[in-house]
Amino acid sequence: MPREFVISGLRLFWSTAIMNEGFSEAPQRLVEDKKDTILSMTNETTKMSVKVWRGDKSSGSYQTFEVPRQENQTVLDVVTWIQQTQDPNLSYRFACRVGMCGSCAMMVNGAPRWTCRTHVNKVLDGDTLEVAPLRNLPVIKDLVADMDPFFDKWVDAGGHHAPSASRYDDMPKISSDEPERAEANKSIECINCAVCYAACDTVAQNPDYLGPAALQRAWTLLNDKKVDDHDAVLEKVSGKGGCHNCHSQGSCTLYCPNGLDPMRAIAGLKSATIKRALKRGG
Amino acid sequence: MDLRLYIAQRVSAMVMIPLVFAHLGVMIYAIQGGVSAGEILSRTQGSVFWFLFYGVFVVSVSVHGAIGLRTILSETFRFRSLTLDAIMWTFGLVSIFMGARAVSAVTWL
Ligand code: SF4
Ligand code: SF4
Ligand code: FES
């Protein structure tokens, strides 16, 4: 665990370093490589027209850029090309560039996508691309959405660490074959990218709704033996903004870039809350 | 929507499913060859069965419709909590009242 932590820390440091020219020798080399790539991109003749959202939380509009097409090119490459060769003021967010950190999600031609792993080929509409900040979240600037409401709801749904044992207690032994563990495993690869949150129409229409990612997190806790108070988990997802608002139309599941199924997790929460209510009534 | 409303809406839906089919089936069956108000009343008046059948139907439709309306007003028109509850209760109670009047009119002796 600490090792993974260090590795992900390093990864974050690495990508920040790339943005900081002359920070140290290795990142400097990378910057040079990147410049070469950018130059070779400029030599390409085919272009596409990329509309990029510019503005802040109060107002904004689309600005169009002509961007050279490349055979292998992600949406994040396109945004980076614009920022590095056309307008250094363009704000956007990324870190890992390999689909692990969940920081690069944006609306691409109207659909939420992780831009670092979305190939232009797959989403280009004719020769146009429209890139905007994630839906259902306030805009900070340009392509940067304010993730606070998303993470606040994560906490509201009980998705923070609630210790139930001390260091003197034994670690519970959990076999990976246990049905609860197998169920939790289906949902734990969430990278917090908020793609599902942006895809969810219920979030759009009901500001209280906790949303697919936070509820899915609650589902993993409910299936986790190390969490003592399962009643508290169910209580948290049964309120005004809870799992019962979900319409089960499955946009979250359709768009989750990691292939997770929050809709199913929420269905699990719904039936668990009903079972608990019936037990209490009886 | 919270857990209570969710349960009320799902339970009323489950009750309604067989009743809707029976209602449609009986209508199609009874109407063959034409039917008059008098004929209908002669079958329903004084019938405990039809009283219970449509009584339960009216209650579940009212519960289901009122909660559904609340969701639409909340999600599509962004009404606030208090207004929502007021409209839900009014709509539900008025539906029950009107339904109960109709049921008693055709099943009472
Ligand atoms: S299934 Fe539920 S959580 Fe997923 S997008 Fe639809 S309403 Fe949102
Ligand atoms: S469930 Fe999928 S789409 Fe939603 S935040 Fe997690 S990884 Fe992203
Ligand atoms: S940059 Fe990390 S997931 Fe895209």
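I take helix axes as lines fitted to C-alpha atoms, over the stretch in contact, with angles running from 0 to 180 degrees between N-to-C directions. Helices are DSSP runs (H or I, at least four residues), numbered from the N terminus.

I note that this is a predicted model, in which local features need pLDDT of at least 70 and side-chain atom pairs count only at pLDDT 80 or more, while totals for chains, interfaces and linings use all residues. Residues are numbered from 1 along each chain as its sequence is written, chains are lettered from A and ligands numbered from 1 in the order in which they are written, and side-chain values use heavy atoms, with hydrogens and water left out.

**Entry 1: a helix pair in chain B**

I looked up helix α3 (residues 48–75) and helix α4 (residues 81–107) of chain B, which pack at an angle of about 160° with their axes 8 Å apart. That angle makes α3(B) roughly antiparallel to α4(B); the classes are roughly parallel under 35 degrees, roughly antiparallel over 145, roughly perpendicular from 65 to 115, and oblique for the rest. I classed the residues of their contact as 15 nonpolar, 8 polar and 2 charged. Here Ala, Val, Leu, Ile, Met, Phe, Trp, Tyr, Cys and Pro count as nonpolar, Asp, Glu, Lys and Arg as charged, and the others, Gly among them, as polar. Contact means heavy atoms within 4.5 Å.

**Entry 2: α12 of chain A and its partners**

How do α9(A) and α12(A) pack? I found an angle of about 60° between α9(A) and helix α12 (residues 262–281) of chain A, with axes 8 Å apart. The two are therefore oblique to each other. On the α9(A) side I listed Pro212(A), Leu215(A), Gln216(A), Ala218(A), Trp219(A) and Leu222(A), which meet Pro262(A), Ala265(A), Ile266(A), Gly268(A), Leu269(A) and Ala272(A) in α12(A). This contact has 10 nonpolar, 2 polar and no charged residues.

I then followed α12(A) to chain B, where it packs with helix α1 (residues 3–31) at an angle of about 90°, the axes 11 Å apart. That makes α12(A) roughly perpendicular to α1(B). Lys270(A), Thr273(A), Ile274(A) and Ala277(A) touch Leu3(B), Tyr6(B) and Ile7(B). By class I count 5 nonpolar, 1 polar and 1 charged residues there.

**Entry 3: cavities**

On a 1 Å grid over the protein atoms alone, a cavity is a set of points where a 1.4 Å probe fits but cannot get out, and a pocket is an open set with protein on both sides within 12 Å along at least five of seven lines; lining residues have an atom within 4 Å of a point. Grid points are joined across faces, edges and corners, and a volume is the space filled by probe spheres set on the points.

I found 2 cavities of 30 Å³ or more. The largest cavity has a volume of about 100 Å³. It is lined by 16 residues, with Cys190(A), Cys193(A), Cys196(A), Cys256(A) and Leu260(A) closest to its centre. Its lining has 12 nonpolar, 3 polar and 1 charged residues.

The second largest cavity holds about 40 Å³. Its lining residues include Glu178(A), Arg181(A) and Asp224(A), and they divide into 1 nonpolar, 1 polar and 5 charged.

**Entry 4: a pocket**

I noted about 700 Å³ of space in the second largest pocket. Of its 29 lining residues, His161(A), Ala162(A), Asp224(A), Lys226(A) and Val227(A) lie nearest the centre.
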